[in-house]
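Subject: Structure handover

Hello,

I am passing this structure on to you, with notes on what turned up in it. Please look at the sequence and the structure before reading the rest.

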Amino acid sequence: METTYQPYIDPEFESLIERIYPPRVCIDNEAYQDCTLVKADSANKHGILLEMVQVLTDLDLVISKSYISSDGGWFMDVFHVTDQLGNKLTDESLILYIQQALCANRRRGVSKELPTCLNREVRPRHVSTEHTTLEMTGTDRPGLLSEISAVLFELECHVTAALAWTHNTRAASIIYMEDGFRGGPITDPKRLAHVQEQLENVVEARHGMGERRSVRLTAPAPGQQTHTERRLHQLMYANIDYEPCQGCNGGGAAHRNNCTKTHVFIESCEEKGYSVVNVRSRDRPKLLFDTLCALTDMQYVVFHAVVSSKGTMADQEYFIRQKDGCTLDTDSERHKLTQCLIAAIERRVSHGLRLDIRTHNRMGLLSDLTRAFRENGLSISSAEIGTNGDRAVGSFYVTDASGYEANPQVIEQVKKEIGGSIVVVNKSPGWTPKTSKTPSAASISRTSSGSSIHEDKPRFSLGSLFWSQLERLSNNFSSIRS
């Protein structure tokens, strides 16, 4: 038996620089009339940018612009932030929370005491350590979520929260559950194995030979927290939902400036030793977070970046290298990154009619909801539901079984069957219902990207804007540290 040896590295040494130079955050409401500036500087580590953006997006804040620089061992960032209504951040308790959350030790995470300083509810998207977790990936099939939730109900598992995405005929979901009668997490290894076996039977029955799928059931681990939406990005990436992403037929600068689809351009900056990634897409909440998830999980390091939005469109420019210091030198590397960025941006864009549901929390609720959709010929393109005491609140995006716009009469029938409070919201932004029905294999969602993949030199560039802001950034942080 071959024995391998690895050097021992004290885990405390990794955080030494961070403890010597802790993060500093300044929140400025004076510089601009229409937004609040959140300025942060700290010792640089892989993933720190994503973690800071994650804090802001979990508070449902809107980042309209951002300037980022992290050459060397130091990280500096400025975020232009408003609330959902476009207002500046004036709540002192919210400002205090942001400062403490951004400065929290990255190894410990945000302490449990921090949310108590807010005068409103904080909805962090991390995994509760009190529940058993189910992760499922596979081919998008109508009724799959309904069958899974029905099995959980039969096995006396109470669903406390669930989040599901579909994209490019692929599906991923994360479901949190507890013991239906005794409460608390399911920790018995035999019962966990039995539940997982039954779920695997359901998923395998819905998949053919060679189709990629996975089912993973885990008991809670003390102190372990995983950001749910970031984990969904990782599951969809592992499910290779990015492969079908293809470019649109149009070309030229005039087309790209007027096109509302996602365009990605990658070029080399040989003088500085970076690969430069430009992304142009529809502007929407959490766009920056989704883009950074793809870059971080693919082991790319962002050294400089500029993000801005104008009207309904957003431009992002990143100066990156791979974690080993190399740039993107091959066409295959650039092509895969382009596909993954498009997928990360578009997999959150839900298709269909949105139904907001508020009803009494009970065991088997998710099974009842999804069964009502399935029996009335509706498919779920995305879902999010959670519980708060005796109330359950969730949102479902639905289409008919072939991906077309749902019939209003069917929606009314579903509302009667489900009961509780159901609000029908207009169709998701950017979604155009199919107008000519042709027979095809039904899928929960038909989210063919139609996105643009280009790797030529873009006609638009934020580089000049970035470098003009860099000097201002340095001056700002000099004043912060002094």
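The notes below go from the whole chain to the sheet, the helices and a few single residues.

Please keep in mind that this is a predicted model.

Overall

The chain has 482 residues, and 51% of them are buried. Its secondary structure comes to 13 helices and 17 strands. Of the contacts between residues at least 6 apart in sequence, 74% join residues at least 24 apart.

The open sheet

Eight strands make up an open sheet with antiparallel pairing, and their order is β8-β5-β7-β6-β14-β15-β13-β16. The edges are held by β8 and β16 (421-425); each has a single partner strand, so one side of each has no neighbour in the sheet. From one strand to the next, the twist averages 15°.

Inside this order, β6 and β14 run antiparallel and are joined by five bridges.

Is Thr160 buried or exposed? Its relative accessible area is 9%, and buried means under 20%, so Thr160 counts as buried. Beyond its neighbours within four places in sequence, Thr160 has contacts with His131, Tyr176, Met177, Glu178, Gly386 and Thr387.

Helix α5 and what it packs on

The crossing of α5 past α6 is right-handed. On the α5 side the contact is made by Glu147, Ile148, Val151 and Leu152, and on the α6 side by Val195, Gln198, Leu199, Val202 and Val203. Sorted by class, the contact of α5 with α6 has seven nonpolar residues, one polar and one charged.

Leu145, Ser146, Ser149, Ala150 and Phe153 of α5 meet Leu366, Ser367, Thr370, Arg371 and Arg374 of α11. The contact of α5 with α11 divides into four nonpolar, four polar and two charged residues.

An α-helix has 3.6 residues a turn, so residues three or four places apart point the same way.

Helix α11

Which residues of α11 (residues 365-375) are buried? They are Leu365, Leu366, Ser367, Leu369, Thr370, Ala372 and Phe373. The buried residues of α11 pack against α5 and α12 (408-418), and also against the strands β6 (157-167), β13 (353-360), β14 (378-388) and β15 (391-400). Just after α11 comes Gly377, with a positive phi of about 75°.

Strand β11 and its partners

Strand β11 (residues 300-310) is mostly covered, with nine of its eleven residues buried. It pairs with β3 (residues 62-69) in the antiparallel sense over four bridges. In that pairing, Ser66 has Val307 of β11 as its bridge partner.

Strand β12 (residues 313-322) also runs antiparallel to β11, and ten bridges join the two. Among the bridge partners are Tyr300 and, in β12, Gln322. These two strands form a hairpin with two residues between them, and Gly311 in the turn has a positive phi of about 65°.

A loop residue

Last, Pro222 sits in the loop between β8 (214-218) and α7 (228-238). Pro222 has a relative accessible area of 83%; exposed means over 50%, so Pro222 is exposed. Pro222 is 92 residues from Glu130 in sequence, while their C-alpha atoms are 8.8 Å apart in space.

That is the end of the notes.

Best wishes

Terms used:
Residues numbered from 1 in each chain as written. Predicted model: local features only at pLDDT ≥ 70, side-chain atom pairs only at ≥ 80, totals over all residues. Heavy atoms only, no water. Buried < 20%, exposed > 50% of the residue type's maximum accessible area, 1.4 Å probe, protein only. Pairing = 2+ DSSP bridges. Left-handed = near helix turned anticlockwise from the far one by under 90°. Contact = heavy atoms within 4.5 Å. Nonpolar A, V, L, I, M, F, W, Y, C, P; charged D, E, K, R; others polar. Axes fitted to C-alpha atoms, helices over the stretch in contact; angles between N-to-C directions.
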